[in-house]
Amino acid sequence: MPEYGGLLGADAPFAIDRPVHLDDLVACGVTKPLIDELVARDVIRRVTRATYVASQVDDSIELRARALGLVVPESAIVVDRTAAWLHGVDLLRRGIREELPEIQLFQREGTRIRRAGVEGGRRTLLDVDVSVVHGIRVTTPLRTALDLGRLLWRFDGLAALDAFAHSGVSVHQMLHELPRFRGARGVVQLRSLVPLVDGRAESPAESALRLHWYDAGLPRPEVQWWIEIDGVETFRLDLALPDEGFAAEFDGEAFHTGQTDRDADAVRRALVAREHRYHFEIFTKADIYVPGADPCPRLLTGRRTARIGRGLNPYG
């Protein structure tokens, strides 16, 4: 057995240029404790719950498809979050970081799929709903978006629809398909969300904040609105009412946690407030995702404050 130090080489007992199933790793002498160690040392990484690949191999749609090909029965169709992932739209459940989600599969007919790490069932799908991505049968981007929009929690549902709109699925296509879902589970939610879709949203949390914005009764905002400084587009605001000088922004942990990031945010917002007379309301995941969270009062108060600052009727 070779010593695994850094990147895997030709002496590894398994293929390092493609995904490998857990059972095949074990069969060639790589024990489960060693697999866990290799993952912890970033020598290999998990692609799905039962497949692994050498860490030096770049992520790609083809790689994801090859990994799914090791665990997905030929009779099955990949759906929902797994379908989104295969189409390049990553929609992991909130809180999932190390633990990968179950693979979501359905079959048009026959028995329900029962397999560890797989969430199976049956679903009515037309031929037009199914595409093939590198040999894997999967719901099309349009069908995947609509299924997620009707089956997920509404805040996650809008995030999914926004993400697919960003990737090229048009709102017109979504609206055109709505009648065929009459009577389907979640169709009322889907009908309410599709008209709100905006492909300019850049994160699920921004989409969720925008839905709270609508719940507060605020008018349709500009998304990722550019602010010019000295005639140059310099800053973008997550949600903005430019004519009223009101902006709401989501500060995620990835880019807004460190002191340097917070200081830069403060300088940027102070400059925009001074030069363009904006009022900001800033939100974090605790304001959006914690049970019982309700940012609507702050959004309403913030807008009134902004309108007063612009000399407008606060209740206009």
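Four strands, in the order 9-10-11-12, make up an open sheet with mixed pairing. Strand 9 and strand 12 are the edge strands, each with a single partner strand, so one side of each has no neighbour in the sheet. Neighbouring strands are turned by 50° against each other on average, direction ignored.

The model is predicted: local features need pLDDT of at least 70, side-chain atom pairs count only at pLDDT 80 or more, and totals for chains, interfaces and linings use all residues. Residues are numbered from 1 along each chain as its sequence is written, and side-chain values use heavy atoms, with hydrogens and water left out.

Helices (H or I, at least four residues) and strands (E, at least two) are DSSP runs numbered from the N terminus. Two strands pair if DSSP finds at least two bridges between them.

| Strand 9 | 222-229 |
| Strand 12 | 279-283 |

L241 has F246 of strand 11 as its bridge partner. Helix 13 (residues 296-309) packs on the sheet and touches strands 10, 11 and 12; its direction makes about 165° with that of strand 12. Axes are lines fitted to C-alpha atoms, for helices over the stretch in contact, and angles run from 0 to 180 degrees between N-to-C directions.

E249 lies in strand 11. Beyond neighbours within four places in sequence, the contacts of E249 (heavy atoms within 4.5 Å) include R236, R268, R269 and F280.
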